[in-house]
Amino acid sequence: MNGDKFRRFVKAPPRNYSVFIMFTALQPHRQCGVCRQADEEFQVMANSWRYSSAFTNKVFFASVDFDEGSDVFQMLNMNSAPTFLHFPPKGKLRKSDTYELQVRGFSAEQLARWVADRTDVQIRVIRPPNYAGPLLLGFLLAVIGGLAYLRRHNLEFLFNKNVWAFSALCFTLIMTSGQMWNHIRGPPYAHKNPNSGQISYIHGSSQAQFVAETHIVLLFSIL
């Protein structure tokens, strides 16, 4: 969406529908890796709504790239990407119309919950099939089964306290470092300031975190 379309379909009254827009910078020279990840999740949610049997013309999704709609960024005094905004049919933007990316992450499921909070429209997120997980699990089970078969005459290692203690320690370190939170919220690995180019690996809020932050915590826990 460029500036002309933004003014025509979003800003020009009257309008009886809500518009959710992702402001991003996808061009390679912008070096915004987070933008690409967020764009993929945004597309998953938008397509889930587009092909849903409950689809109505009351909610629409669009994106504005900085290189195609820099005038829109200037109009909204926006200097960071990615950013998600909700433009309601009537009235001015409220604080809740700005998606809390650093707190909630940018997974399609979290974005769909935000849409439901703002419009009462429920979106069932449907992702394309991913066979990597089942294949990896099958390979892991095959390796474990093969090792157990080769050592079928000597299975004492299954009753070794050190093996189970090490496994429990690894599981504890993974959980306490925040890996489960990352899996649920889908936060970015780090944050790059578009103005200064400075990369932050530690989140400034106590209610959110970056993936890199959990790796740092895990490393310090091991040491």
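What follows is a short tour of a strand, some rings, a disulfide, a helix and a loop.

Before we start, keep in mind that this is a predicted model.

**A covered strand**

Let's begin with strand β1, residues 18–24. How many of its residues are buried? The count is 7 of 7, so β1 is mostly covered. In a regular strand the side chains alternate between the two faces of the sheet. In β1, one side carries Ser-18, Phe-20, Met-22 and Thr-24, while the other carries Val-19, Ile-21 and Phe-23. Every one of these residues is buried, which leaves both faces of β1 covered.

What about a partner for β1? Strand β2 (residues 59–65) pairs with β1 in the parallel sense, over 7 bridges. If you look at Met-22, you'll find it standing opposite Ser-63 in β2.

**Rings that meet**

Now for the aromatic side chains. The structure holds 11 aromatic pairs. Here are two of them, with the numbers side by side:

| Aromatic pair | Centre to centre | Angle between planes | Kind |
|---|---|---|---|
| Phe-66 and Phe-73 | 5.1 Å | 85° | edge-to-face |
| Phe-84 and Tyr-99 | 5.6 Å | 85° | edge-to-face |

Why does the pair of Phe-84 and Tyr-99 count as edge-to-face? Its planes are at 85°, and planes over 60 degrees apart get that label. This pair also ties together parts that are 15 residues apart in sequence, because Phe-84 lies in strand β3 (residues 83–87) and Tyr-99 in the loop between β3 and α4 (101–104).

How covered are these rings? Phe-84 is buried, at 1% relative accessibility, and Tyr-99 is buried too, at 5%. In the other pair, Phe-73 is buried at 3%, whereas Phe-66 is partly exposed with a relative accessible area of 29%.

Phe-84 and Tyr-99 also belong to one aromatic cluster, along with Phe-20, Phe-42, Phe-61 and Trp-114. Elsewhere, a charge meets a ring: the charged end of Arg-15 sits over the ring of Tyr-17, 5.6 Å from its centre.

**A pair of cysteines**

A disulfide is a covalent bond between the sulfur atoms of two cysteines. The count here comes to 1 disulfide, and it is formed by Cys-32 and Cys-35, with their sulfur atoms 2.1 Å apart. The torsion about their S-S bond is about 70°, so the disulfide is right-handed. Both Cys-32 and Cys-35 are buried. Another cysteine, Cys-170, is partly exposed, with a relative accessible area of 29%.

Helix α5 has 12 residues, 108–119. At 1.5 Å a residue, α5 should span 16 Å, and its end C-alpha atoms are 16 Å apart, so the two values agree. Which residues of α5 are buried? They are Ala-108, Gln-110, Leu-111, Ala-112, Trp-114, Val-115 and Ala-116. Just after α5, Asp-120 takes a positive phi of about 65°.

Finally, find Val-125, in the loop between α5 and α6 (132–150). Leaving aside neighbours within four places in sequence, Val-125 is in contact with Val-44, Ser-48, Ala-108, Glu-109 and Ala-112. As for Asn-182, 57 residues away from Val-125 along the chain, the C-alpha atoms of the two are separated by 19 Å.

Conventions
Residues are numbered from 1 along each chain as its sequence is written. This is a predicted model: local features need pLDDT of at least 70, side-chain atom pairs count only at pLDDT 80 or more; totals for chains, interfaces and linings use all residues. Side-chain values use heavy atoms; hydrogens and water are left out. Rings of Phe, Tyr and Trp (its six-membered ring) pair if their centres lie within 6.5 Å; planes under 30 degrees apart count as stacked, over 60 as edge-to-face and the rest as tilted. Buried means under 20% relative accessible area, exposed over 50%, partly exposed in between (1.4 Å probe, protein chains only). Helices (H or I, at least four residues) and strands (E, at least two) are DSSP runs, numbered from the N terminus. A charge sits over a ring if NZ of Lys or CZ of Arg is within 6 Å of the ring centre and within 35 degrees of the ring normal. The expected span of a helix is 1.5 Å times one less than its number of residues. A disulfide is a pair of cysteine sulfur atoms within 2.5 Å. Contact means heavy atoms within 4.5 Å. Two strands pair if DSSP finds at least two bridges between them.
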